[in-house]
Amino acid sequence: MQRKTQSPTFWQEQFELNRDSVDLIYNQIVEENRILALNDLALALIQHYYKAEEQELISRQDGRIYRPTEQFAVGDKVVFPQFNFETGIVESVRAGKHPQYEKFNVISVSFKTGQAAREFVADFEYDHPLNQREWQSLADLQGVMSPEEIYQKYGKIIRAKIKAALKNHTDFVDFHDSFFLKDLLPDFHEGLFNIADAAIDINSHPLDIDNLIEQMQLAKEQEITEITRFSVNYHLANDARFSDVGPLGQVAWYLKRLQPEDAEFLIPRLEIKQERYNSAKFSQDLRNLLAEIDDEFTNLEDISAVGLNTEKVTILLNHPHWRSGTLPITPKTASFFPTSRYNHVLFEFVDGRTGNAFPAWKVLNSNYVFGLNQWYKKNKLPVGAYLTLQRTDNPLRVIINFRPTRTQRGWVRQASVVDNKLIFKMMPEAIGCEYDELMMVGEANSVAIDTLWTRAKERNTPVFEVLCHVFAELAKLNPQSTVHVKTLYTAVNIIRRGAPGVIFQELVNHACFTPMNNGYWSYNPNAAN
Amino acid sequence: MSKYVKPTLKTKFCVDFSWWQGKNLRSFLQEQICSEGKNHYDNQAEGTFDWLHPETGEVFQVDILWHLIHTHCRQQPDFITDYTPLVPAIFRVFIANNNTPLTPGEIYDIIHKQSPEVILKTIGGRVIYEGIRPVL
């Protein structure tokens, strides 16, 4: 008999929450009268399947467990755990023959399934792994995964299946992967949630659930139960006025009308199409530059991860994020920002120079944080500015800073639009911070550039086409006609979002581009076609 | 006909003796014997012995030359050399380890020939070479 609980196929493909399983969960919640976490439900369900299977094995045991040391006679029924618990009948017994072993027998066994008889060693007093096991019955079999081990191995997919099934079941309610029964929820007067609305409004900051329950006068702090917390959370989550903005492990309720629109929607300018690249073809030089650009669409393995023990990191402000007032979440920056798998998260940036705090958001399912638009403008930060992120004792506060310098007027590249085409000129500009000159490209007329952006998006202009155009324009600014890959990355992203790896891949794949030294490339328009 | 399941680098392989039924295993084993073993083999009786599966206890009647190679030839330094072709080298690994199942990576760690991927491509395809096939 196949032990289905031991089979990946069962959990990955066949397992579904049937009526019995739903009843089991329902009854467990009723009996325990508590909120059950999805993890606990998954383990309980695995244990249920496991025990049921053991009972079935015991009831079906029809013969002696096979062990090489045992003696068997013709007609004996033998169960072979190593062959999915097949039962066979001993057809004959003969003396064994082996240069190393003396007396032992070989039994010929026929199986119910009708296959040809197979031979097995018996009366074998020598070492064999099957002799080491103290098996009494099928239910005692070693070498099978325990429910906990099954959970470790298949827990993710089992949880997902349970969650999907219970979410579609009207008897159950859930909040943050915990489940309860709808009929067991206490009734709340609608007016209580108006009080919650007002409490958050007056506070102007998110309130945690215990604070809200107290303000709603549902219970005093020390009397708040898990069911009350869950019930209020569930109601608030299903009320369009409220928004949970807490990081993973915390619930913090806020009002949707107080949060910026972009908190719940992805910023179109940062969206990218499904464009993949493979850095295996890149030179070491290109790979190093890839990591320097700090773009969230660079493959994770191409950027060194920074752990919680690093207090401060420096990143380059690239064009897409300079334009959107955002910062990318990459392996380098991820540990600095709070996150949640359930909702967008509100946190604060603290200006490293002034100490002033301002709100910022981690959008759900995005790989950036936003809220820096005003800060970039106020400090007149250019594309390519070096920014530092620094941890504080509070994971919801991150210090941000730049490297100020004496304001100097220098010549920088500037993008503008002439005859509906993007061009570049060298223009004087005053800059008061350290920045990467190779990344720097200013914008002369953002409205006209936005029009080009929209047109490129509507036309779905390929990266290669944009790259050829900006390369030809940028080459005019340099007597050698070479352009650095960082400048090309910025220039492409002015009118079309493109990951640095994808842009580099176009450079590597097309003969019209030739690598020079130190990240500089040349372009031959005649070879572009 | 059973459904073909494409093996992966995690799939274990071993020699399936039932594949050799009706084929000349003895002739193939003769090619694997070392020179010293060949002298010894001249004095060996013809016939088979009961080969015991190290994990399941199943018995296969296998040519006695297998045992000779397993006990004697595998200890010779030239049992698997740089010049041993890939498939015979893999087969010799299984004789040496008494047909204990191994993944392509584990085979590679012993023979250091080609790569785990090439070994997988060789013994994991639809064509079975010398009875080496995935453990189902």
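**Chain contacts, sheets and helices**

Reply: Strand 6 (residues 118–122) of chain A pairs with strand 3 of chain B in the antiparallel sense, over two bridges. This is a predicted model.

Me: In strand 3 of chain B, which residue is the bridge partner of Glu119(A)?
Reply: Strand 6 of chain A and strand 3 of chain B run antiparallel where they pair. Within strand 3 of chain B, the bridge partner of Glu119(A) is Val59(B).

Me: Which strand of chain B gives the most to the side that touches chain A?
Reply: The contact draws nine residues from chain B and 15 residues from chain A. On the chain B side, strand 2 (48–52) and strand 3 (58–63) each supply at least two residues. By class, that side has three nonpolar, three polar and three charged residues. With three residues, the strand that gives the most is strand 2 of chain B.

Me: In what pattern do the helices and strands of chain B follow along the sequence?
Reply: Chain B has six helices and four strands. Of its 136 residues, 32% count as buried. Read along the sequence, the pattern is β-α-α-β-β-α-α-α-α-β.

Me: Among contacts in chain B between residues at least 6 apart in sequence, what percentage join residues at least 24 apart?
Reply: The count takes contacts in chain B between residues at least 6 apart in sequence. Those joining residues at least 24 apart make up 69%.

Me: What arc do the buried residues Ile119(B), Leu120(B) and Ile123(B) cover around the axis of helix 6 of chain B?
Reply: Helix 6 (residues 116–123) of chain B has Ile119(B), Leu120(B) and Ile123(B) buried. They sit on the same side of helix 6 of chain B, because the arc they cover around the axis is only 100°.

Me: What covers the buried residues of helix 6 of chain B?
Reply: Both strands and helices of chain B take part. The cover includes strand 1 (13–15), helix 4 (86–96), helix 5 (104–111) and strand 4 (132–134) of chain B.

Me: How are helix 12 and helix 14 of chain A oriented to each other?
Reply: The axes of helix 12 (residues 463–475) and helix 14 (residues 500–509) of chain A come within 10 Å. They cross at roughly 75°. Angles of 65 to 115 degrees count as roughly perpendicular. Helix 12 and helix 14 of chain A are therefore roughly perpendicular.

Me: How many residues of that helix 12 to helix 14 contact in chain A are charged?
Reply: Helix 12 of chain A contributes Val463(A), Phe464(A) and Leu467(A), and helix 14 of chain A contributes Val502(A), Ile503(A) and Glu506(A). By class, five are nonpolar and none is polar. The charged count is one.

Me: How many residues of helix 13 of chain A are buried?
Reply: Helix 13 (residues 485–495) of chain A is mostly covered. Among its buried residues are Lys486(A), Tyr489(A) and Asn493(A). The buried count is 11 of 11.

Me: In strand 24 of chain A, what is the bridge partner of Thr514(A)?
Reply: An open sheet of three strands in chain A has the order 22-24-23, with antiparallel pairing. Its edge strands are strand 22 (483–484) and strand 23 (513–515) of chain A. Strand 23 and strand 24 (residues 520–523) of chain A pair over three bridges. In strand 24 of chain A, the bridge partner of Thr514(A) is Ser522(A).

Me: What angle does the direction of helix 5 of chain A make with that of strand 11 of chain A?
Reply: Another open sheet in chain A has the order 9-11-10, with antiparallel pairing. Strand 10 and strand 11 (residues 252–255) of chain A are joined by three bridges. Helix 5 (residues 190–203) of chain A packs on the sheet, touching strand 9 and strand 11 of chain A. Its direction makes an angle with that of strand 11 of chain A of about 85°.

Me: How does Glu148(A) count by its C-beta neighbours?
Reply: Glu148(A) is found in helix 4 (residues 147–167) of chain A. A residue is buried at 20 or more neighbours and exposed at 12 or fewer. Glu148(A) has 13 C-beta neighbours inside 10 Å, so it counts as partly exposed.

Me: Through how many residues does a hairpin join strand 17 to strand 18 of chain A?
Reply: Strand 17 (residues 386–391) and strand 18 of chain A pair in the antiparallel sense over five bridges. Leu387(A) has Phe402(A) as its bridge partner in strand 18 of chain A. The number of residues in the hairpin that joins strand 17 to strand 18 of chain A is five.

Note on methods: Residues numbered from 1 in each chain as written. Chains lettered and ligands numbered in written order. Predicted model: local features only at pLDDT ≥ 70, side-chain atom pairs only at ≥ 80, totals over all residues. Contact = placed C-beta atoms within 7 Å. Nonpolar A, V, L, I, M, F, W, Y, C, P; charged D, E, K, R; others polar. Pairing = 2+ DSSP bridges. Axes fitted to C-alpha atoms, helices over the stretch in contact; angles between N-to-C directions. Parallel < 35°, antiparallel > 145°, perpendicular 65-115°, else oblique. Arc of directions from axis to C-beta.
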